[in-house]
Amino acid sequence: MSANATDTKPTVGLIGLGNLGNPMALSLLDAGYPIVVNSLSKAEGENLIARGAVWVDTAAEMGARSDVLITVLPGPAQVRQIMIGDGGALAHMRQGSTFIDMSTSSVDVANEIIAVAEPRGVAVMEAPVSFLARTPIGSSRTSASLQIFVGGSREKYEQHLPLFRALGGMPDQIYYAGPNGSGYAIKVLLNLLWFVYETGTAEVLAIATKLGLDLRMVQKALCASPTQSNFLQYDINSVFEKGDYDEGFTLDLVCKDIDLGIALGESTGIEVEVARTVARIHRQALQTYGPKSGEMSVVRLFESASGGPWRFPAPPA
């Protein structure tokens, strides 16, 4: 199938069918895109195969069969290995095809891939995403309603805008960030600020608990004040109502993302003292609860310090 055909949709390859990749693949199928898929385990793609997706065993074959190849992987090392490591996909991609990385990754790895891709006539873009959480965070991950931050040429952004919408990008939340690297930067900064909010909110709630305050009252008061945040209004409810610290995104990946944020700050010459404090507290949670504990394990750390847990029923509708 030609990527330049005007009467057909391009074949999309998607590598990585976890908590983000799987709902994105479902969205593509709903939009009528032919897709080929690959992940660590074929079991992660069984629901997609039942819907018409084609399972492909190797990264090389994924590259050969895709007009647009998308990776949704844990981090830079995995993206590099899949694309330009031994048996990587890029060496098998056709001239005129496009590689889009939707992972939270780094500019350094992207530049390595671009150096190999450009002589082959393969376009490279990044388009990392963020879930739009308006419910307890675990519930927000059941469908692909996404912010997408696109880095690359504007021409390719315009060409692939229908695809970004089909992947689950909300119409007013697909941003052209700028040249390669810009999309990664926005996503890394977004994640870093979320972890800052998480840490600060947990610290405040621990103090409030020690003072004997009603945490639901505190939450309501703070959300009506200039201190309101999406974390305080929505995300913390997963802990309050379910004791869910969101293992859909694990603490080892959180620490990786914070380190990416610190590196980004260092590259600009900005002193990232807040980020370093947040990193230290997250490493303490990592040592306490383990690398595969949920991304909100820092909340659990402060719960423990305050004599928690913090559990409350959902407020009346």
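## The kink in helix α5

In this predicted model, where local features need pLDDT of at least 70, side-chain atom pairs count only at pLDDT 80 or more, and totals for chains, interfaces and linings use all residues, helix α5 has a kink of about 25 degrees centred on I114; the bend at a residue is the angle between axes fitted to the seven residues ending there and the seven starting there. Helices (H or I, at least four residues) and strands (E, at least two) are DSSP runs numbered from the N terminus, while residues are numbered from 1 along each chain as its sequence is written, and side-chain values use heavy atoms, with hydrogens and water left out.

Helix α5 has 14 residues, 107-120, and at 1.5 Å a residue it should span 20 Å, which agrees with the 20 Å between its end C-alpha atoms; the expected span is 1.5 Å times one less than the number of residues. After α5 comes G121, whose phi is positive, near 75 degrees.

## What covers α5

Which residues of α5 are buried? They are V109, A110, I113, I114 and A117, where buried means under 20% relative accessible area with a 1.4 Å probe, protein chains only. Their cover includes α4 (76-84), β5 (98-101), β6 (123-126) and α8 (182-210).

## Two helix pairs

Two packed helices are described by the angle between their axes and the distance between the axes. The axes of α8 and α14 (residues 297-306) come within 9 Å and cross at roughly 15 degrees; axes are lines fitted to C-alpha atoms, for helices over the stretch in contact, and angles run from 0 to 180 degrees between N-to-C directions. This makes α8 roughly parallel to α14, a term for angles under 35 degrees. Contact, meaning heavy atoms within 4.5 Å, is made by residues including E198, T199 and A202 of α8 and V298, V299 and F302 of α14.

The axes of α12 (residues 251-268) and α13 (residues 273-289) come within 10 Å and cross at roughly 160 degrees, and α12 and α13 are therefore roughly antiparallel to each other, the term for angles over 145 degrees. Among the residues that meet are V254, C255 and I258 in α12 and V278, A279 and H282 in α13.

Leaving aside neighbours within four places in sequence, Y245 is in contact with residues including V239, M296, R300 and R311. The C-alpha atoms of Y245 and R120, which are 125 residues apart along the chain, are separated by 44 Å.

Definitions and conventions. Buried < 20%, exposed > 50% of the residue type's maximum accessible area, 1.4 Å probe, protein only. Parallel < 35°, antiparallel > 145°, perpendicular 65-115°, else oblique.
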